[in-house]
Amino acid sequence: MATATAEPQSVPTTQGDGHKHKKNALSDGQARLAWILLAPTLIIIAVVAGIPVVMSIREAFFQTNTGVDPNTGLIAGGEVFVGLQNFTNVFAGQNPVQGNFGTMDRFWNAFLNTTFITIVCVILETILGVAMALIMAKAFRGRGIVRAGILVPWAIPTIVSALMWKLIFDSSGVMNRILGREVLWLADSGASFWAIVIADTWKTAAFIGLLTLAGLQTIPAEVYEAAKVDGATTWQQFVRITLPMVKPTLVVAVLFRTLDTLRMFDLPYGMIGPGKYRVETLSIFSYQEATQERYGPAAAYAIVLFIYVLLVAFLFVRILGADVIGDADVPKKKKKKKKGDEDEAGPPATALEMAGGAH
Amino acid sequence: MSTTTADVHEEHLSQEEVERLAHPKRPLKQRIGVIASYVGMAAIVLYCIIPFYWMVVSSLRIPTEGRSTEFIPSPASLENFQAVFSAQNNFGRSLVNSLIVAGTTTILTLLFGIIGAYALARLRFRGKGAVLWLIMACSMFPLVVLLPPLLKMFSSTEPFTWFPYWINTYQSVIIPGLSFGLPLAVWNLTAFFKQLPVELEQAAMVDGCTPGVAFRKVILPLAAPGVFTTAIIVFIGAWNEFLLALTFLQDASMQTATVAISKFTGTTGFDTPYGTIMAAGVLVTVPLLVAVLIFQRRIVAGLTAGGVK
């Protein structure tokens, strides 16, 4: 224990710089070893993610050939290069559907659904999550029970939670009984949108709370004591101390929630069903096109979603990047400070747990 | 930390006495704060538990009462749980399939993730930042991007006629599943390895170990809680995976549990068999909840102690 607490002061200066330049068994010839050790991981990522993504991009410029072969008179099969047609078709309005935002092309309907579900869900989840974290941070006892309870929604498979909420939102279900009204949540109506939002918020708000709590606990009590001495109100403490200091953790959590909600599939698929335009996300649309062997458009929509996700991630990371620098002086208990690029591996670790779990 | 101190006090003093001793000047305000925090915590737990409670309650009704809105099932019955395992649902088989898929994904992921993460946590080399970004980006991208080319490939249609027919095989889900499992594992394990002081290996090497032996004999045992935690997280992710399994496992005998549940049909075919679905949901979730409680303890141990004592 004693060594562990003493280390953070001594380690960064002596070890971080010292070993970089001197001859050392630990650091000499490391690059080769490192690449050997990383090779399996990198090869697998290239094979299971890299190559399919490239293939998907290629696919987006082709269409399944449904024409008749002039020589044989049979259906030609195979695929034909169509250039940007899969992308430009979304502007042609060939496939208009009636959604939450009026009648428009099915792609744009899915795009807007994805965007608005994400915005509404992430805002609600963040507010609820932060509130939960604040309550838990104030607690004296029973934090373990709350933490266990919070992990319940997280551990339930999304598809199971979708079916669970389907029962709750049934037209003669318990939600309508509590409300005393007959809302048709599952009938591809405007209420379906909110049913999705409620179910998704339930599943993930608590986990944002858990991550935020971890961030809150790194704030030293002295800061609050100093603020109290200076006469700061509770609200001022929250806005001026808690929020800025918990921001690095929170931003990462929100980023991963946002990316996860953008690719939402299981929940609307299981709860409302496929082909319901009020809640159809880009993932569902692309999946449906792919299973109906329209690989070209499916790939095109998936690529649009991919670019969308990258864009959002990029915007977040610009904010996040600034935070990593701003975070450099925040005292963290028992955590070695790293330099340069290694810094990135710190906070996102916990957020990634959620990202993977919520797939 | 605060929990332990409170527990120690509790052996001698009641909660109120602790509060009074801790804050003798403002007992009333303090007490209100304590009550408010308990109310808040109860609200959080209820918020998280109630929908799950509804699932459990609905699974315990008699099958004909599937949509009942009574808060306590009357009469209670385990019939739904029997119905889950009726022959037409193929649920037992799907649980085995889930276990195979999730288990294999976890093992492969850990196997490659551990050595990769060790390199990222310990070794110095150019391009580490790029590798970290690559792995991070890999965990971000939407899984649906993989579907069009893989579906074409695995069903060996036109340009991929050379490719073996992989629809309804475990590998068709396990291999694409690595694309989210592996980045997750590498990221988590890197964080865990970094928490262990490098002096541990240095000491081992001074004692004559090669770096490989030092890793195996010193680092790996100490990182066991981290490896275990990572294993559970990856396993839960793979167990809950739906999109890949739905796309590539179409045959009833190959389906994983999540897909099987989504395809449950009643005897009539029109009425959704909610009781059976909820019972299956409980069966799929309870093992995970048990694992999560263990994982809870492990991650706390991993983060606070980390074997650095």
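Start by selecting chain A and chain B together: their contact takes 95 residues from chain A and 93 residues from chain B, where two residues count as in contact if their C-beta atoms, placed from the backbone, lie within 7 Å. Now highlight residues 30-59 of chain A, helix α2, which supplies the largest share of chain A's side of this contact, 18 residues. Helices here are DSSP runs of H or I with at least four residues, strands are runs of E with at least two, and both are numbered from the N terminus.

Next, colour that side of chain A by class: you will find 60 nonpolar, 19 polar and 16 charged residues. Ala, Val, Leu, Ile, Met, Phe, Trp, Tyr, Cys and Pro count as nonpolar, Asp, Glu, Lys and Arg as charged, and the others, Gly among them, as polar.

A note on what you are viewing: this is a predicted model, in which local features need pLDDT of at least 70 and side-chain atom pairs count only at pLDDT 80 or more, while totals for chains, interfaces and linings use all residues. Residues are numbered from 1 along each chain as its sequence is written, and chains are lettered from A and ligands numbered from 1 in the order in which they are written.

Finally, select 2-59 (domain 1) and 82-304 (domain 2) of chain B, bounds that come from an automatic or database domain assignment. Where they touch, domain 1 of chain B gives four residues and domain 2 of chain B gives six. The domain 1 side has two nonpolar, two polar and no charged residues.
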